[in-house]
Amino acid sequence: MSSTTASTSDGSSPSAGASDAGPVQHHILSVLVENRPGVLNRVAGLFARRGYNIHSLAVAPTEDPRFSRITTVVDVASSPLPQMIMQLDKLINVIEITELAPAEAVERELLLLTVSAPTDGRDQIVEQVEVFEARILDTGHDALTISLEGEPTKLDDFEELMRGFGLTAVQRTGRVALPKLTQTP
Amino acid sequence: MSQQMDGGQALIKSLEMEGVEVIFGLPGGAILPVYDPIIDSPIRHILVRHEQGAGHMAEGYAHATGRPGVAMVTSGPAATNIVTPLADAFLDSVPIVVITGQVPTTALGTDAFQECDTTGITQPITKHNFLVTKAADIPQTIREAFHIATTGRPGPVLVDIPKDIVDPRNPASAMEWYWPDSVDLPGYHPRTTGDPAAIRAAAELILASERPVIYAGGGILKARAAGALRELAELVDIHVVTTLMARGAFPDSHPLCLGMPGMHGNYTAVTSMQKADLLIALGSRFDDRITGKLDGFAPEAKIVHVDIDPAELGKVRRPDVGIAGDCRLVIEELIVAIRELGGAAAQPDRQPWKSTISGWQETYPVTYSPAEEGELLKPQYVLEQLRDLTPDDTIVASGVGQHQMWTSQYWEFNHPYTWVNSGGLGTMGFAVPAAIGAKVGRPDRMVWAVDGDGCFQMTAQELVTAAAEKIPVKIAILNNAYLGMVRQWQEMFYEERYSEVYLSPDLPDYKMWAEAMGCVGMRVESPEEVGPAIEKANAINDKPVVIDFRTDSREKVYPMVAAGRSNDEIMVDPTLNQGGRR
């Protein structure tokens, strides 16, 4: 069991049962794990067998090659969240779990999408690419592949706009996040 | 001084360094190289007849001794055969280390002969598992496996060992021996000492309570906290219920002991929890077999919950005070805090509560109706005889079902580590191998297994192991010719439509089967034969004994709280006031 720094660890005990569980919400968990084979499987398997829904998941090594960071967005009501964190904390390869409240974190996500764009009808799309500061990565005779990096809500907006032109493929990385830095010394 | 070794030698040497005295196992292709150095090791190896037996023996050994049990089997089907004991040990927090062979690292993932994804299969049912890929990692991994299995909340750990890293004919097995002086587990720091503020808050709740009950679970035994529990209970003069996993953690003969709560708990244990204003849960986990319908469980009770596993606090029932920590350490601190707050003198007068409890005990004892002339034996009578004719510190193992509940109800457990059973997983067939493991760990004690006829048929082959290894366990089969607990549910909840539960009392012939396996076999059909047969079995110390007790299939386990019902709806023996007796 490792140290847990969830925003909910205020000393109060989690409540049980679904009746007072509250609405299902996105929660961002930043999970520091040992960089070993099979660790992602352990984390994902725990979520699956205890019935927690993963909305998105991003994994990559950290500044220390012994550790990786899993940034996951889970859909869960607020009250089962501490139980979920404590179960996660029992995994031997999990070092630390931090719940990142959206207001206290910087988040980024990457979106790739391919949108229908006949050569004579691309102007509106290109205009939106400029407004959103997206990039055109690949140009075909009747389609464009565009990338956009930014806050997930911005990506949502851009994806919705592009939908109107006819999307043929969408791929998102899932968000990564780090806590906001303090401004005072 | 460096010493060159192969990985197989290093594995056995690592087990020796961990103080392992016995391995329960069965060799096969992938684990073959590890079996060679066993010949030269002081570690005793017990050759089982089925890998499931090895796992339950390791569990029985751990239950009885508190030391980690060790099982070793080969890859593929051997690994899958030991899945059940791993799941059993996981749910009952039993410290065992299971070593499995695996196909060579070069063949992993190719669907090789006897390959299966052992670490994948066992991931959700082990506390942790390892796939070792380098011979040099073996000592470090074994050290860590034992550390994880035995610290914090104990549990099973599996170590999967590919053949090439232990095979002296393969260069990949070459290594230089070392023994690590520490573990490298940056994410594993079980907290053992409780939060002092929470302990003080718990002490205050205890001293203010008018109707408190201590709800002692298996964590008391895991934490070696039976002595501390008794000191606490006596200090504050509070009654104790002992769950199925905690039988023996508090002496049944103690005036404060209320016995087992839960689905087949006695009326007083169940009802005292229901009516309590404070439950002091120590190493227990509010299992559904204890709470019954959760909404209706102990509705007026505040909860103090102590557990080594923080995830248990609030998992089922929100505690008013939750304390993550080792039960023994926390209870000791709780005693100090209670004394500082004035001790028992600071408590309200609990005489009305005590009178209520003793009233329930008088009105609703656990009873049964003795057999009439010509009827088959009553299983409860057999258990009373067995209890009274065996030493007080006898270790008793059981399978799962009616016989298990009757044993828990009718045995008098006065010593910790005398009750070995499968609580969480409910593994039929647990008794015979678990009793063998317990006897190997405690050869000084008499060990009886109480088994059902259905259970016995699942793992009886391990009596061949016991006979060959001269492990003199004694098995009492309560043979009612049925899958008795299933029959009971069909009788009570399926309108007596008995579907696929009849087994026959005579097929197999248990006496002949026992004899064929190198045991002494007996059959007992009348009450006057029961005592003499038990005494005859007690006197046999060079081979296992099996007694086939022919019992009444109509007998049901009472009291009972039906599944999904509130504990307030407990059903007692319908013949309670018609001459039934305890």
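1. Two residues are in contact if their C-beta atoms, placed from the backbone, lie within 7 Å. With that rule, eight residues of domain 1 of chain A are in contact with six residues of domain 2 of chain A. Domain 1 of chain A covers 4-100 and domain 2 covers 106-179. These bounds come from an automatic or database domain assignment.

2. A word on the source. This is a predicted model, in which local features need pLDDT of at least 70 and side-chain atom pairs count only at pLDDT 80 or more, while totals for chains, interfaces and linings use all residues. Residues are numbered from 1 along each chain as its sequence is written, and chains are lettered from A and ligands numbered from 1 in the order in which they are written.

3. Back to the two domains of chain A. On the side of domain 1 that touches domain 2, the strands β2 (24-34), β3 (53-61) and β4 (67-77) of chain A each supply at least two residues. The largest share, three residues, comes from β3(A). By type, the residues of this side of domain 1 of chain A divide into five nonpolar, three polar and no charged. Here Ala, Val, Leu, Ile, Met, Phe, Trp, Tyr, Cys and Pro count as nonpolar, Asp, Glu, Lys and Arg as charged, and the others, Gly among them, as polar. Helices (H or I, at least four residues) and strands (E, at least two) are DSSP runs, numbered from the N terminus.

4. Look next at helix α2 (residues 80-89) of chain A. A residue is buried if 20 or more other C-beta atoms lie within 10 Å of its own, exposed if 12 or fewer, and partly exposed in between; the C-beta atoms are placed from the backbone. Ten of the ten residues of α2(A) are buried, so this helix is largely enclosed by the rest of the structure. Among them are P80(A), Q83(A), Q87(A) and D89(A).

5. Now chain B. It has 22 helices and 20 strands. Along its principal axes, the C-alpha trace of chain B spans about 75 × 60 × 40 Å. With 582 residues, a compact globule would have a radius of gyration near 25 Å, and chain B agrees, with 25 Å. That radius is taken over C-alpha atoms, and the globule rule is 2.2 Å times the number of residues to the power 0.38. Buried residues make up 57% of the 582 residues in chain B. Among contacts in chain B between residues at least 6 apart in sequence, 77% join residues at least 24 apart.

6. Follow the sheet in chain B. Six strands form an open sheet with parallel pairing, in the order β16-β15-β17-β18-β20-β19. Two strands pair if DSSP finds at least two bridges between them. The edge strands are β16 (419-420) and β19 (520-524) of chain B, and each pairs on one side only. Strands β18 (residues 474-479) and β20 (residues 545-550) of chain B run parallel and are joined by six bridges. Within this pair, K474(B) stands opposite V545(B).

7. E515(B) is found in helix α21 (residues 510-516) of chain B. It is partly exposed, with 14 other C-beta atoms within 10 Å.

8. Which residues have the most contacts inside the largest nonpolar core? They are A71(B), A216(B), I220(B), L229(B), L279(B), L282(B) and A435(B), in a core of 199 residues. A nonpolar core is a set of buried Ala, Val, Leu, Ile, Met, Phe, Trp, Tyr and Cys residues joined through C-beta atoms within 7 Å. Helix α17 (residues 431-441) of chain B gives the most to this core, with seven residues. Not counting residues up to four places away in sequence, L229(B) touches A216(B), I220(B), A249(B), F250(B), L282(B) and I331(B).

9. Check some backbone details in chain B. A cis peptide bond joins L507(B) and P508(B), with omega about 5°. P508(B) is found in the loop between α20 (484-493) and α21 of chain B. The peptide bond from Y558(B) to P559(B) is cis too, with omega near -5°. P559(B) lies in the segment after β20 of chain B.

10. R224(B) is not a glycine, yet has a positive phi of about 55°. A298(B) is not a glycine either, and has a positive phi of about 40°. R224(B) is partly exposed, with 14 other C-beta atoms within 10 Å, whereas A298(B) counts as buried, with 24 C-beta neighbours inside 10 Å.
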